[in-house]
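These are my notebook entries on a single chain. I set down what I looked up, entry by entry.

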Amino acid sequence: MAEPAVRIPDAKVALSTASVYPESTATAFEIAARLGYDGVEVMVWTDPVSQDIEALRRLSDYHQIPVLAVHAPCLLITQRVWSTDPWVKLQRARAAAEKLGASTVVVHPPFRWQRQYARDFVTGIWRMADETDVRFAVENMYPWRYRDREMLAYAPDWDVTKDDYRHFTIDLSHTATARTDAIQMVDRMGDRLGHLHLADGNGSNKDEHLVPGRGTQPCAEVLERLALSGFDGHVVIEVNTRRAMSSAEREADLAEALAFTRLHLASSAASAASAASASSASSASSAAKAPRT
């Protein structure tokens, strides 16, 4: 039988509940189901529903949309969510993921002022990862900047590839803010890359989280590269829609982000066939030119 012209990779496309802010976690489930996302990533933050496992389970069941990942409460605004102890936060995030059937917990590296947590973070993440089938995927961050000043806010480092973790999350808005090469970071992460936060950015001092295709990041190239490599993690749309003038405009942005993602994940199948054909032709040409002995 002939090979299909386009093959869709196994990677699932999820909507981060943060993408609908200032609307609610419940609204994110509704929009994800209506637009055809494969699931959601729950950002655990100040919305009480995001912290309530049973409420999340009811939303998942009602909308028939699975929870694929849980983002632990690592932000400045969530310092008191699920305890003030960062290890308790991660334990509760793992428990939530296990109960909801999610495969991944996303976690940021510690803030530098969380000294004891930062000192034990790498070994602690390994220890927790050994206790569960849930992936702890540590996310790349960025330096904080104000005018000409730069502050290194994260420890051991905002560039998580400098430390030894079992799994990584790459966030393309964060690579933009860090002004680092996203493709090179993907390469450094290698087969430990387990999760993608898809968003765009222009390299400003702010973490922009633009709809993919509206900034300077190689969003399409990253999607195609991951699909070609057999990436089996999740692609999560994590964009900022706070400036949307209406719910309809917000939903249009999220539909555009989903269409962009599916297009470039699918087009990679054709790219793979083309690359394989070119490689085969090159090998044949080299063989024909090789001297005979």
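This is a predicted model: local features need pLDDT of at least 70, side-chain atom pairs count only at pLDDT 80 or more; totals for chains, interfaces and linings use all residues.

I take contact to mean heavy atoms within 4.5 Å. Numbering runs from 1 along each chain as its sequence is written, and side-chain values use heavy atoms, with hydrogens and water left out.

Entry on the core. I looked up the largest nonpolar core, which holds 77 residues. Such a core is a set of buried Ala, Val, Leu, Ile, Met, Phe, Trp, Tyr and Cys residues joined through side-chain atoms within 4.5 Å. Buried stands for under 20% relative accessible area, exposed for over 50%, and partly exposed for the range in between (1.4 Å probe, protein chains only). Tyr37, Leu90 and Leu196 touch the most other members of this core. I then listed the contacts of Leu196 beyond four places in sequence; among them are Ile170, Leu172, Val222, Phe231 and Val236. In soluble globular proteins, nonpolar side chains tend to be buried together.

Entry on Phe168. I placed Phe168 in strand β8, residues 167–171; strands (E, at least two residues) and helices (H or I, at least four) are DSSP runs numbered from the N terminus. Is Phe168 buried or exposed? Phe168 has a relative accessible area of 0% and is therefore buried. Its contacts outside four places in sequence include Ala137, Val160, Met189, Leu193 and His195.

Entry on cis peptide bonds. The bond from Tyr21 to Pro22 is cis, with omega near 15 degrees, and Pro22 sits in the loop between β1 (12–16) and α1 (25–35). The bond from Ala155 to Pro156 is likewise cis, with omega near 0 degrees; I found Pro156 in the loop between β7 (149–151) and β8.

Gln64 counts as exposed because its relative accessible area is 66%, whereas Trp82 counts as buried because its value is 6%.
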